[in-house]
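The entries below follow the order in which I went through them.

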Amino acid sequence: MLRVYDGAQRLVVHLEGPWLHPVLWLFSEEGASACRLLAREPGAYVFDSVVGTAALGCYRLIGVSRVEAGLSDSNAAALARAWSMELSVRRYVEAIECSAEVDVASLAAKNGGLPDPEAVLSMLQRRAQARPAAVTAAWNEPAFAQPDGAG
């Protein structure tokens with residue numbers, strides 16, 4: 001589950017889908033207005049049920065500076081600090097068990113310690129294409145639901 005909030009802390013869109021598909025949805029035509037809001041509106045933020053280094057790489061690419069998580073780990077916390085992102089977590093675990101997290105660590109090792117967000121997004125998009133899944137979007141702010149971002 002992923003929620004996007006505007007700068008006034010109002011829910012804009014609630015996303016449901018497996019794995020990192022809701023995060024990747026932000027990069028789709030459908031999610032473009034939510035992505036722009038996160039990039040441009042001061043105070044806009046996301047709440048994501050699980051935030052690891054893979055999700056953080058995508059949020060960094062968008063320009064998100066504040067992320068709230070239901071669950072995260074120390075690797076994501078360290079990466080958020082390195083990127084000067086605010087990460088608030090309800091529950092920490094030792095490690096998020098996901099092969100994408102292993103791949104992000106490999107990308108970081110090849111990039112001097114920090115993963116390249118573009119490379120993270122590309123890796124996740126390849127994985128998502130191999131295992132497509134539906135994402136449902138419930139817009140609370142209907143003007144943002146327009147694909148061209150009008151409104």
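Are Tyr5 and Tyr45 buried or exposed? I looked up both residues in what is a predicted model, and noted that Tyr5 is buried and that Tyr45 is buried as well.

**Entry on aromatic rings**

I searched the whole structure for aromatic pairs and found 2. One of them is formed by Tyr5 and Tyr45, which are stacked, with 4.8 Å from centre to centre and 10° between the planes. I then checked where the two partners lie, and this pair links distant parts of the chain, since Tyr5 belongs to strand 1 (residues 2-5) and Tyr45 to strand 3, 40 residues apart.

Trp25 and Trp139 form a pair that is tilted, with the centres 5.8 Å apart and an angle of 50° between the planes. Here too distant parts of the chain are linked, with Trp25 in helix 1 (residues 21-25) and Trp139 in strand 6 (residues 136-139), 114 residues apart. I noted that Trp25 counts as buried because its relative accessibility is 6%, under the cut-off of 20%. Trp139 counts as partly exposed, because its 21% falls between the cut-offs of 20% and 50%.

**Entry on Arg66 and Glu68**

I went back to Tyr45 and saw that the charged end of Arg66 sits over its ring, 3.8 Å from the centre. Arg66 also forms a salt bridge with Glu68, in which the closest N and O atoms are 2.5 Å apart, and both Arg66 and Glu68 are buried. I placed Glu68 in strand 4 (residues 66-73), and, leaving out residues up to four places away in sequence, I listed its contacts as Tyr45, Val46, Phe47, Asp48, Val51 and Ser88.

**Entry on the other salt bridges**

How many salt bridges does a search of the whole structure find? I counted 3, one of them being the bridge between Arg66 and Glu68 noted above. Asp6 forms a salt bridge with Arg10, with the closest N and O atoms 2.8 Å apart; Asp6 is buried at a relative accessible area of 3%, whereas Arg10 is partly exposed at 46%.

Arg127 forms a salt bridge with Asp103, the closest N and O atoms lying 2.3 Å apart. Arg127 lies in helix 6 (residues 117-130) and Asp103 in helix 5 (residues 99-110), so this pair ties together parts that are 24 residues apart in sequence. I read a relative accessible area of 27% for Arg127, which is partly exposed, and Asp103 is partly exposed with a value of 27%.

**Entry on Asp48**

I next turned to Asp48 in strand 3 (residues 45-51), which is buried yet has no salt bridge, the nearest side chain of opposite charge being that of Arg3 at 10.0 Å. That distance is beyond the 4 Å cut-off, and therefore the two cannot be counted as a salt bridge. I did find a polar contact of 2.6 Å between the side chains of Asp48 and Tyr59, and beyond its neighbours within four places in sequence Asp48 has contacts including Met1, Leu2, Glu68 and Gly70.

**Entry on His14**

Last I looked up His14, which is found in strand 2 (residues 11-16) and is buried with a relative accessible area of 18%. Its side chain makes a polar contact of 3.2 Å with the side chain of Arg3. Not counting residues up to four places away in sequence, His14 touches Met1, Leu2, Arg3, Thr136, Ala137 and Ala138.

Note on methods. Residues are numbered from 1 along each chain as its sequence is written. This is a predicted model: local features need pLDDT of at least 70, side-chain atom pairs count only at pLDDT 80 or more; totals for chains, interfaces and linings use all residues. Side-chain values use heavy atoms; hydrogens and water are left out. Helices (H or I, at least four residues) and strands (E, at least two) are DSSP runs, numbered from the N terminus. Buried means under 20% relative accessible area, exposed over 50%, partly exposed in between (1.4 Å probe, protein chains only). Contact means heavy atoms within 4.5 Å. A polar contact is a pair of N or O atoms within 3.5 Å; within protein, one must be able to donate a hydrogen and the other to accept it, and residues adjacent in sequence count only if both atoms are side-chain atoms. Lys and Arg count as positive and Asp and Glu as negative; His and the chain ends are not counted. Rings of Phe, Tyr and Trp (its six-membered ring) pair if their centres lie within 6.5 Å; planes under 30 degrees apart count as stacked, over 60 as edge-to-face and the rest as tilted. A charge sits over a ring if NZ of Lys or CZ of Arg is within 6 Å of the ring centre and within 35 degrees of the ring normal.
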